[in-house]
Amino acid sequence: MTFFNNIFNKFDNKQREYHLNKQLLFNKKEQFKYLKTRHSYHLVDPSPWPLIASLGAFFLTTGMVSYMHNFMGGGRLLATGFVVILYVMFTWWRDIIREATYEEQHTFSVQRGLRLGMILFIVSEIMFFFAFFWAFFHSSLSPVFNVGGVWPPEAIETIGSSGIPLTNTFFLLSSGATVTWAHHAIIVRAKKQAILGLLFTVLLAILFTGLQGYEYYEAPFNITDGVFGSCFYMATGFHGFHVFVGTISLIVSLIRIIFNHFTATHHFGFESAAWYWHFVDVVWLFLFITVYWWGGIH
């Protein structure tokens, strides 16, 4: 009897332990029930990059203004902000790539939100350049007596539109065609064609940037030469910066294509870079027609 009693006691203890563990598990599930997600959206983890990016942008703009006014340390602050922005671009894109490619967090709902965000970002960039065109037309359509009452101002020797600007126009329009070629190649799963199209696009972008720098070096005026110099260098300079950012985006997309990160239906990382590049093309067309061609007519 003692033997059977021990068996029954052990079985009874096991039953109690099982029910106790089940109750504890139920309590834990109830306690952390709010962590469960029943939707297709991505709740991102806490990240330091928005704050660091804001500090980098602050350093960049403050250093730029300080450097232009010959304040001590302005150039170093400008370089620091630029390096911080590049670092954040690398780390933030790294996290997004990990979330999209390896964690599979970018569902179709998330991609739809990303597309809307990219569209709104491009609209904000249009407003950014609209301010420079507004300043240019405000000064050129009704030139004040300070600049001689004519446009371009009498003391300004303009840059001819048929030289480097026309060549750069050809380069950028060609790059728009090659990036579209790469996009369609991704859709039809032609990896080699996509890589080739993006290589041509990056090469044309580098040629454009090099010629733009050479044009600045040989320019007969600078940013301090009145309102013409200010409008010219602010508009073309910020466009050149956007070309630089777009080139980095395209290089990242090229690397991701090589590592098979994109599919025919899941390639928004490349798609956003292509949209941005087409925006850069359109802005340059307006710059070429208004600032170089129309604005340079005496």
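This is a predicted model: local features need pLDDT of at least 70, side-chain atom pairs count only at pLDDT 80 or more; totals for chains, interfaces and linings use all residues.

Biologist: What makes you say that the buried residues of α2 line one face of the helix?

Modeller: The buried ones are W49, A53, G56, L60, G63 and S66. Looking down the axis of α2, they fall within an arc of 165 degrees, so they line one face. L51 and F58, on the other side of α2, are exposed. The background is simple: an α-helix has 3.6 residues a turn, so residues three or four places apart point the same way.

Biologist: How do you know that the length of α5 agrees with a helix at 1.5 Å a residue?

Modeller: Helix α5 covers residues 164-187, and its 24 residues should span 34 Å; the end C-alpha atoms are 35 Å apart, so the two agree.

Biologist: Which elements does the whole chain have?

Modeller: Eight helices and zero strands. From the N terminus on, the order is α-α-α-α-α-α-α-α. Of the 298 residues, 36% count as buried.

Biologist: Where does UniProt place the feature "transmembrane region"?

Modeller: The UniProt entry, an unreviewed one, puts it at residues 48-68, 74-93, 114-137, 170-188, 195-212, 232-255 and 275-295. Take two of these in the model. Residues 170-188 are 95% helix and 0% strand, with the end C-alpha atoms 27 Å apart. Residues 195-212 are 100% helix and 0% strand, and there the end C-alpha atoms are 26 Å apart.

Biologist: Why is the pair D95 and R98 called a salt bridge?

Modeller: The cut-off is 4 Å between a side-chain nitrogen of Lys or Arg and a carboxyl oxygen of Asp or Glu. For D95 and R98 the closest N and O atoms are 3.1 Å apart, so the pair passes that test. Both residues lie in helix α3, residues 74-102, three residues apart, about one turn of the helix. E103 also forms a salt bridge with R98, at 3.5 Å between the closest N and O atoms.

Biologist: Which residues are linked in a network of salt bridges?

Modeller: R94, D95, R98 and E103.

Biologist: Which distant parts of the chain does the pair R115 and E271 link?

Modeller: The side chains of R115 and E271 meet in a salt bridge, 2.7 Å from N to O. R115 is in helix α4 and E271 in helix α8 (residues 268-294), 156 residues apart. With a relative accessible area of 25%, R115 is partly exposed, whereas E271 is buried at 11%.

Biologist: How do you know that I119 can belong to a nonpolar surface patch?

Modeller: A patch takes residues with over 30% relative accessible area and no salt bridge. I119 has 43%, which makes it partly exposed and puts it over that cut-off. I119 lies in helix α4, residues 108-141. Together with V123, I126, M127, F130 and W134 it makes a patch of about 620 Å².

Biologist: Why is L141 called exposed?

Modeller: L141, in helix α4, has 60% relative accessibility, so it counts as exposed. The C-alpha atoms of L141 and W151 are separated by 7.9 Å, ten residues apart along the chain.

Biologist: What makes N70 and N260 worth a look?

Modeller: Their phi angles. Most residues other than glycine have a negative phi. N70, not a glycine, has a positive phi of about 60 degrees, and N260 has a positive phi near 60 degrees. N70 is found in the loop between α2 and α3 and is exposed at 70% relative accessible area. N260 sits in the loop between α7 and α8 and, at 55%, is exposed too.

How values were computed. Residues are numbered from 1 along each chain as its sequence is written. Side-chain values use heavy atoms; hydrogens and water are left out. Patches are made of residues with over 30% relative accessible area and no salt bridge: like charges are joined within 9 Å, nonpolar side chains (Val, Leu, Ile, Met, Phe, Trp, Tyr) within 5 Å. Accessible areas come from the Shrake-Rupley method with a 1.4 Å probe; for residues, only the protein chains shown count as cover. Helices (H or I, at least four residues) and strands (E, at least two) are DSSP runs, numbered from the N terminus. Buried means under 20% relative accessible area, exposed over 50%, partly exposed in between (1.4 Å probe, protein chains only). UniProt positions are given in the numbering used here, feature names are shortened, and annotations may be inferred rather than shown by experiment. The arc is that of the directions from the helix axis to the C-beta atoms. The expected span of a helix is 1.5 Å times one less than its number of residues.
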